[in-house]
Structures are given as C-alpha cells and as structure tokens.
Amino acid sequence: MKFCVGLGKEDAVKRLEERGVSRRDFMKFCGVVATAMGMGPGFAGTVAEALAASKRPSVVMLHFAECTGCTEALIRTYQPFIDELILDTISLDYCETLMAGAGDAVEDALHKAVSSPEGFILICEGGIPAKDNGIYGMVGGKTMLSIVKELAPKAKAVVCVGTCACYGGVQAAKPNPTGAISVSQATGIKTVNIPGCPPNPINMVGGLVYFLTKGMPQLDDKGRPVVFYGKSVHDQCPRLPHFDKGEFAKSFESEEAKKGYCLYELGCKGPSTYNNCPTVQFNSTNYPMKAGHPCLGCSEPNFWDEMSPFYQQG
C-alpha cells in the first residue's frame with residue numbers, strides 16, 4: 001500500500017484493470033454497496049464515481065483497545081480486489097495495522113494528514129480506556145484518550161467501526177477494569193457508528209461512500225446509519241415464517257434445526273438487534289442464522305452484558 005497524503009489517487013479503474021480486475025467486477029461491487037445503501041443497483045455509477053475520484057478527503061484510521069478484527073474483516077473479503085480498491089484508491093494516510101513504516105516517518109505522515117487544508121475523515125477502531133487518565137492504553141507514548149481528544153475535533157467526520165469504538169465493546173463489559181468508553185463518550189463528538197463484531201465490510205465502505213456522495217447519513221438514536229441498521233435482523237431473517245408459526249428448534253442437533261426452524265429458543269437475539277446481515281451477508285455468502293447459529297446481537301450497545309447468556313432465550 002502506498003501513502004498519498006491528502007491527494008487521493010488518479011485512474012483508479014485503470015489501475016484495477018492492470019491488476020486483473022475488470023470494470024464489470026468493479027461495477028458489480030459498486031452495485032452491492034449501492035444496494036446496501038438502500039439505493040438499488042442503479043446507483044452503482046455514483047458509487048463508482050465516488051470511489052474512483054481523483055481527489056478525496058484524506059483518511060486517518062486509528063486503533064485503540066480492540067482485537068483488530070474490523071480491519072481484518074475489511075482486508076479479507078472474498079474478492080481480493082475489494083481490499084485493494086479500498087486501500088489503494090482512498091487516501092489512507094495513517095493506519096497502524098496496515099502501514100509498513102514506523103517511528104518518526106509515520107508520525108510525520110499523520111501530522112501531514114491531519115493538517116491538510118482539504119480536511120480528513122477520522123476512522124476509529126476500538127474502545128477508549130479512560131480510567132486513571134487513560135494510562136491503560138498507550139500508543140507512541142501517548143494515551144489513546146489524549147490522542148482521540150486531540151484529533152477527533154479536527155476531523156470533517158468521525159466514523160467508528162466495530163462495536164468497541166461505537167459503544168465500548170468487550171473492553172467495557174463488566175467489570176470494565178480500564179474504564180473503557182466509546183469514542184463519542186471520550187470526545188463529546190457525535191460519531192457515525194458502524195457497529196458489529198466485526199461489522200460487515202460493505203457497511204464500512206458504504207458509510208464512506210455515503211459521506212462522499214450525499215454527506216452525513218441519517219442516524220438512528222444509537223448513531224448508526226439508518227440505511228444499514230434501520231431494520232431488525234428478525235424482520236429480515238429467512239427463518240421468520242417459522243417464528244410466525246411457532247416452529248422453533250429445541251437444540252442444535254434436532255430435526256427442527258436441520259429443517260431451518262427459528263432459533264429464538266436457542267438464544268437468537270435477532271428481534272432486538274438492528275443490522276443488515278441477512279440481506280448483505282458476509283462476503284455475500286453467509287451469516288450466523290444461515291449457518292445455523294443464533295444472532296448474538298453484536299451490533300447493539302453493551303451486548304456482551306445485556307445479551308448474555310448467549311444461548312438462552314430472552
């Protein structure tokens with residue numbers, strides 16, 4: 001991955017074609033993103049224009065208290081060109097997980113990115129340890145708390161990816177020894193939240209594209225874009241007809257489970273979880289209920305505490 005501070009990249013589609021990615025495949029991906037945004041495949045051209053534009057705001061991605069699973073989900077998608085597209089066409093100027101450099105060189109890249117007159121989008125992954133002035137989370141000799149407080153107010157938009165950044169996540173689960181909180185709580189800034197453990201990469205890309213093409217998306221009361229999180233998993237689940245008929249799997253090994261009966265009595269949290277897993281799926285291939293596993297409610301605040309025990313009804 002190359003760094004291009006604040007300038008974007010030119011001829012994105014041409015470069016993808018040189019890597020063996022056809023324009024047809026590129027447009028197919030843009031159609032998936034457009035559909036996830038609720039705009040339909042006909043909006044694919046606008047998505048493509050946004051992703052392939054020669055100049056876009058610089059993107060700075062900061063990692064805090066987390067497992068890096070959200071970044072892993074983004075770069076390990078089923079079609080290699082998706083991660084190449086996102087990492088090579090946006091001006092990703094700072095990302096501790098993906099950048100090859102270290103030390104003063106990357107600190108200089110970060111300074112240039114956040115000082116660009118064109119502005120930058122800040123993407124945050126991970127919760128913020130806040131107890132004892134944040135000493136339980138450090139990067140480069142600075143607390144994560146001080147870093148996010150310094151940079152978030154300067155950004156054109158702050159996007160949180162993953163439930164940890166959005167709501168504190170597992171770090172904030174009881175007994176929460178580090179006093180972990182969300183990015184919004186740490187900064188007092190309204191953030192665009194793309195929760196999930198991890199979130200679907202299509203939602204991450206779609207959130208960025210929405211901002212580039214239409215501005216700030218409509219958010220629900222938990223800071224999530226309504227276009228991705230406006231419906232419950234339950235209402236989109238293909239097992240819903242079985243729920244309506246009172247047909248429930250009694251165990252994972254039961255004949256009812258093999259027939260695709262509803263998993264509610266096995267702990268499915270779909271009725272109280274808002275996400276688009278059944279319609280977008282991961283890698284356009286699968287998601288928990290399709291694989292025979294109940295929803296754990298991972299896109300909801302405090303799901304580690306409030307949704308557990310995971311395999312019990314209620």
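1. Helices (H or I, at least four residues) and strands (E, at least two) are DSSP runs, numbered from the N terminus. Please keep in mind that this is a predicted model, in which local features need pLDDT of at least 70 and side-chain atom pairs count only at pLDDT 80 or more, while totals for chains, interfaces and linings use all residues. Residues are numbered from 1 along each chain as its sequence is written, and side-chain values use heavy atoms, with hydrogens and water left out.

2. Because 6 of the 6 residues of β1 (residues 58–63) are buried, the strand is largely enclosed by the rest of the structure. In a regular strand, side chains alternate between the two faces of the sheet. Here both faces are covered: Ser-58, Val-60 and Leu-62 are buried on one side, and Val-59, Met-61 and His-63 are buried on the other.

3. Which strands pair with β1? Pairing requires that DSSP finds at least two bridges between two strands. Strand β3 (residues 120–125) joins β1 in the parallel sense over 6 bridges, and Leu-62 stands opposite Cys-124 of β3. Strand β2 (residues 92–95) also runs parallel to β1, with 3 bridges between them; there, Val-60 has Tyr-94 as its bridge partner.

4. Now to the interior. A nonpolar core is a set of buried Ala, Val, Leu, Ile, Met, Phe, Trp, Tyr and Cys residues joined through side-chain atoms within 4.5 Å. The largest one has 31 residues, and Val-33, Ile-123, Val-159, Val-161, Ile-194 and Met-204 touch the most other members. A second, separate core of 27 residues includes Leu-62, Leu-110, Cys-124 and Met-144.

5. Counting contact as heavy atoms within 4.5 Å, and setting aside residues up to four places away in sequence, Val-161 touches Met-61, Cys-70, Ile-123, Cys-124, Glu-125, Gly-126, Ile-194, Pro-199 and Met-204.

6. Is Ser-182 buried or exposed? At 4% relative accessibility, Ser-182 counts as buried, although it lies in a loop, between β8 (180–181) and α9 (183–187). Beyond its neighbours within four places in sequence, Ser-182 is in contact with Ile-128, Cys-164, Ala-165, Cys-166, Tyr-167 and Gly-168. For Ala-165, the C-alpha to C-alpha distance is 5.3 Å, across 17 residues of sequence.

7. Finally, the charged pairs. With a salt bridge taken as a side-chain nitrogen of Lys or Arg within 4 Å of a carboxyl oxygen of Asp or Glu, the whole structure has 6 of them. Glu-265 and Lys-250 form one, their closest N and O atoms being 2.9 Å apart. This pair links distant parts of the chain, with Glu-265 in the loop between α14 (255–258) and α15 (277–280) and Lys-250 in the loop between α13 (240–244) and α14. Glu-265 is partly exposed at 29%, whereas Lys-250 is exposed at 56%.

8. Within helix α14, Glu-255 and Lys-258 sit 3 residues apart, about one turn of the helix, and their side chains meet in a salt bridge (3.6 Å, N to O). Lys-258 is exposed, at 62% relative accessible area. Elsewhere, salt bridges that share partners join Asp-220, Arg-224 and Glu-300 into one network.

Methods
Buried < 20%, exposed > 50% of the residue type's maximum accessible area, 1.4 Å probe, protein only.
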